[in-house]
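Hi,

Here is the structure I promised to pass on. My notes follow below it.

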Number of protein chains: 4
Amino acid sequence: MASSSKARVPAFNDPDLDKMKRTLVTACRILDREGITDGYGHVSARVPGTTSFLTIANVSPGLASVDRLIMMDCDGAYLGGAETPPNEWPIHARVLKVRPDVMSVCHTHSVWSTLFSVLPIKLRPLHQYGKFLPADGLPVYEAAGLVRTVERGDALAAALGRGPAVLMRAHGDTVVGDSIEQAVHRSVRLARVGELLHLALLHGEPRYLSAEELETFSADERFPARGWEYYVSRLGKRG
Amino acid sequence: MASSSKARVPAFNDPDLDKMKRTLVTACRILDREGITDGYGHVSARVPGTTSFLTIANVSPGLASVDRLIMMDCDGAYLGGAETPPNEWPIHARVLKVRPDVMSVCHTHSVWSTLFSVLPIKLRPLHQYGKFLPADGLPVYEAAGLVRTVERGDALAAALGRGPAVLMRAHGDTVVGDSIEQAVHRSVRLARVGELLHLALLHGEPRYLSAEELETFSADERFPARGWEYYVSRLGKRG
Amino acid sequence: MASSSKARVPAFNDPDLDKMKRTLVTACRILDREGITDGYGHVSARVPGTTSFLTIANVSPGLASVDRLIMMDCDGAYLGGAETPPNEWPIHARVLKVRPDVMSVCHTHSVWSTLFSVLPIKLRPLHQYGKFLPADGLPVYEAAGLVRTVERGDALAAALGRGPAVLMRAHGDTVVGDSIEQAVHRSVRLARVGELLHLALLHGEPRYLSAEELETFSADERFPARGWEYYVSRLGKRG
Amino acid sequence: MASSSKARVPAFNDPDLDKMKRTLVTACRILDREGITDGYGHVSARVPGTTSFLTIANVSPGLASVDRLIMMDCDGAYLGGAETPPNEWPIHARVLKVRPDVMSVCHTHSVWSTLFSVLPIKLRPLHQYGKFLPADGLPVYEAAGLVRTVERGDALAAALGRGPAVLMRAHGDTVVGDSIEQAVHRSVRLARVGELLHLALLHGEPRYLSAEELETFSADERFPARGWEYYVSRLGKRG
């Protein structure tokens, strides 16, 4: 488990965290700009080598700023920064606790994730943007309501399992990545896949991507730098 | 009834009303910005302790300003401010008259409310944003046409009953709250719930939120400050 | 017929036409801003008391300016202004010729009008915004292709008949009004009605407005001043 | 074949290419602005009389600039400009190689093209904007995944055949034209046709344009100058 490899946790104001903080603020703003969250999503990033993480305080992602970041550990202890944690900090804490491979977690209220969370239909990949998704579709965390307790966070993490994302019934999704950029890129693309699946299902059974096809894609999930540059370029423009 | 607890009604220009006026103008602009009204919705706010209220004159909510507010009582008497009442002032007057718990009323032309107003399908909560809605769905005020008479206002208030909102056939909705912020927040969220329900119904029977689940949410409807901050931040940007 | 009441036609540069020209330019820009045309719609306005009219030259409505207006008569004679008539001038010329009650004609490429033009389903009013529409729905001009000849213009005018609007198969619509403002307002509202009808039909048979209900509305179609003010306010902002 | 008529290929910095470069940059930005690509489409233009072409380097089309253009030949040789070719340069190279009539190629991720690429339904013209399309619909390149090899480029070109466009399964489309402007115009219009077909199919069998009707349109595909002016005018405004 990740806890066995805990490095010293730097102070919240350690300059070593500056770049991560700026990237986290940008990530929050991208989710807002790309229309897959509203006033209520959030992004977190693991302090490398630790089970501590940075996330935004109880504020809308579109209003994120370095001053409104907070540092916590996976059990919810306050480690610095803005004093009000987001209501749903256990989403981040408990996923990061049991997934040492995960460096960043996005929680969004994407309409497409929310849609498939209330349908008896799996969100499966049929667009190449879904190449990071399992061929048999995403799991759904069934309990409605906010994830404000460690117990709920643990249940969400269990539903996520080893996968890239989990839908949250009547609520949205949680998406993980090996970097902030990858988690954001996956979140945006999950919305695009969900939208396409919705559209396609209205006309009958679409052609999904098979497990074999997805395997041939696996080397391809390497564009976050280009995607990131694009998302950043859109932050100054409304659309 | 509210009329038994009438306080002295302040003059329209009483500085005590300044904050409420500014909030009301902001509320109108939020409904416009969030795309749930067009040139024809309005918001009202009760003067505390009275059956009088402030609303916008006969002008589009996106063009609201303090100069274009009007004060009226629940029987339609003019009490100050801009001289042209909105055509549908009885919506506000008659709901505020019989619902002393209500401090603010929003009337929007949301496409999602209008959609469910013409369908034989109830708008029921299936998204956590609908936690303020009754599990068995919203009533519909069946009479088509503008609500320009006291009689129609009374009929609308009767259709609303003790609930949080009523759909208006071929027209839109009326939503109430215990503050301007809550009424606006509910109006925006009602649109999101209606949109999700529309999308979900295209794929079969969705999983609604049960009465039991809604009850566990009840303590949660407390975010208007954060939602409000977010909506306000979007007013300067077109999207 | 209108031709029997021909007044003297003023010169294109007659200052008496200045206000009409400015309104026409604004009308073109509103159709563009409201998203119901793209690079290819147009608006015309009758010179009062004549069978001549002003419209925009062969340019996108979003790029309209007084310098790019043209004056023509109903038989296509050039009477002044920009020298290149719009390709589809016969739409305007031939409708204005046989409908002396009409002062303005809008031709848009609204996706909703185009949709119902290719479906075996009538675009009927089910939203109060459709109160100017016939209860049994709009006619469709069946010939695909641009209306670039007098013959086609006459056929379109015949399909329109005495009504407020006609859909054009695979193409869009033509909407008339007793003022520029009314024709624009109706064009925008026709799009809203078409959108709602599309959405509602996906869920079964909606409740349409009956002929009796529409009759009670008839006195209500009087808001262009307020609608117009709203549309104009949006011209400076992208959304 | 085109290779038999190879002219001398000018140097990348030859001033004769300046206008083409600027048009190509504009074309990329238009595809982004019109919402039919995201961070991953591209446009190319043949150097007249050669089998060489200009396209954008590995950068989002919305971020195109003259500095980020690259010149290549149809076999992938680097001929100047930015050093990183787009991953999918074989799309352009291999289509231009076998289609001497084609002067420009657009590759987009239009949601509507992607939709019909995963459905057992042909994207056929039912809107006059589809007048450049075959009456029996567009072919689909069935292999999922990026087109990063000459072999895949050749297979895509074979699927395109002599036609105006080919859908790419789980991916998007490739559209060709006899000028940059025409290829862009067709790309935008293909999206509009696909959107309308999607909407219409939800209501049953729409009326398609027949081969005879399409033939009468053929002289009409001549508007790129006006369409281009419109698209350019929108580049400075977000919408």
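Which strands of chain B does helix 5 (residues 180-201) lie across? Helix 5 of chain B lies across strand 1 (42-46), strand 5 (104-108), strand 7 and strand 8 of chain B, at about 145 degrees to strand 8 of chain B. Helices (H or I, at least four residues) and strands (E, at least two) are DSSP runs, numbered from the N terminus. Axes are lines fitted to C-alpha atoms, for helices over the stretch in contact (heavy atoms within 4.5 Å), and angles run from 0 to 180 degrees between N-to-C directions.

A word on conventions: this is a predicted model, where local features need pLDDT of at least 70, side-chain atom pairs count only at pLDDT 80 or more, and totals for chains, interfaces and linings use all residues. Residues are numbered from 1 along each chain as its sequence is written, chains are lettered from A and ligands numbered from 1 in the order in which they are written, and side-chain values use heavy atoms, leaving out hydrogens and water.

Now the sheet. In chain B, eight strands form an open sheet in the order 4-3-2-1-5-8-7-6, with mixed pairing (two strands pair if DSSP finds at least two bridges between them). Its edge strands are strand 4 (78-81) and strand 6 (140-141) of chain B. Strand 3 (residues 69-73) of chain B runs antiparallel to strand 4 of chain B, joined by three bridges, and B:Ile70 stands opposite B:Gly81.

As for the chains, chain A and chain C do not touch, with their nearest C-alpha atoms 7 Å apart.

Best wishes
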